[in-house]
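Colleague: Please take a close look at one part of this model, the interface between the two chains. I would also like a word on the aromatic pairs.

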Amino acid sequence: MAGKGTPHFIFQRVTALVMIPLTIWFVASLIAHAGDSRTELMEWIAHWHVAVPLSILLLAGFFHMRLGIEVIIDDYIHKPDTRGMLHFLNTLFSLILGAIAVWSVVAITLIV
Amino acid sequence: MANHATAPVSPHLQIWRWTVTMAASIFQRATGVAQYAGAILLTIWLASAAMSEQAFNTVQSLFASPLGMIVLVGYSWSICFHLINGVRFLFWDAGYGFKIKTANLTGWLAFGGSIVLTAIIWAIVLVTGGGN
């Protein structure tokens, strides 16, 4: 992390700011769609005005998550090898999970 | 990074008297970590909807099970807390809210507000049709 503190700090805050309205919107929407069937849910997600902000929320969220865990690893893991490995796993995990989540939204819009 | 081993470290948690500001900081981390697990749930849910009727119904029934509901309530609370306290930290980043009285009050608000918000969310879900 040495020397990368400023962009890290800024990205953490920018993704946070992006997610504030999107999270409120998504949680409120989920409440409204709590009893949905799969078809109803997919038809809702497939709207561009849902799929696009949801994808942005997911991308910002997975990025924010990776950055946050990165700081925790730096704070608590002092052995350089272990720390490096955990940073790698953290990035890999966030990428894979993020890809599956965003792909799912894209797939749903293509299926409907 | 190379000097990390010799860098000074501050005393760890057990040495300090507990305060609400400290608790809020610790819970910001804890809820952040919890959302690592939450992100897996959200991804499984979205992927199952994309995959098949059967996959989606399986995930939905797992979420609707007693253990699933406990996990979802915890997940929603962790989102509420991380969001509210996160906004509090953004104000700090901008240089506001540092007076001890203000910081204590907003710390309590993050805890109280997130619990109330979670209760409201689930009350609405239960009343309006989370039943199926």
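Modeller: At the interface, 45 residues of chain A are in contact with 35 residues of chain B, contact meaning heavy atoms within 4.5 Å. This is a predicted model, in which local features need pLDDT of at least 70 and side-chain atom pairs count only at pLDDT 80 or more, while totals for chains, interfaces and linings use all residues. Residues are numbered from 1 along each chain as its sequence is written, chains are lettered from A in the order in which they are written, and side-chain values use heavy atoms, with hydrogens and water left out.

The two chains bury about 3200 Å² between them, 73% of it on carbon and sulfur atoms; buried area is the accessible area (1.4 Å probe) that two parts lose on being put together, summed over both. In chain A, the residues that lose the most area to chain B are A:Ile31, A:Arg38 and A:Arg83, together 20% of what that side buries.

A:Arg38 also takes part in a salt bridge, with the side chain of B:Glu53 (3.6 Å, N to O). The rule asks for a side-chain nitrogen of Lys or Arg within 4 Å of a carboxyl oxygen of Asp or Glu, and it finds three salt bridges across the interface of chain A and chain B.

On the side of chain A that touches chain B, at least two residues come from each of α1 (5-32), α2 (38-46), α3 (48-76) and α4 (80-111). The helices are DSSP runs (H or I, at least four residues), numbered from the N terminus. α4(A) gives the most, with 12 residues. By class, this side has 31 nonpolar, eight polar and six charged residues; Ala, Val, Leu, Ile, Met, Phe, Trp, Tyr, Cys and Pro count as nonpolar, Asp, Glu, Lys and Arg as charged, and the others, Gly among them, as polar.

As for the rings, there are 13 aromatic pairs over all chains. Rings of Phe, Tyr and Trp (its six-membered ring) pair if their centres lie within 6.5 Å; planes under 30 degrees apart count as stacked, over 60 as edge-to-face and the rest as tilted. A:Phe26 and A:Trp44 are stacked, at 6.5 Å centre to centre with 15 degrees between the planes. This pair links helix α1 of chain A, which holds A:Phe26, to helix α2 of chain A, which holds A:Trp44, 18 residues apart. Both A:Phe26 and A:Trp44 are buried, that is, under 20% relative accessible area (1.4 Å probe, protein chains only). In chain B, ring pairs link B:Phe27, B:Trp77, B:Phe81 and B:Phe111 into a cluster.

Definitions and conventions. Buried < 20%, exposed > 50% of the residue type's maximum accessible area, 1.4 Å probe, protein only.
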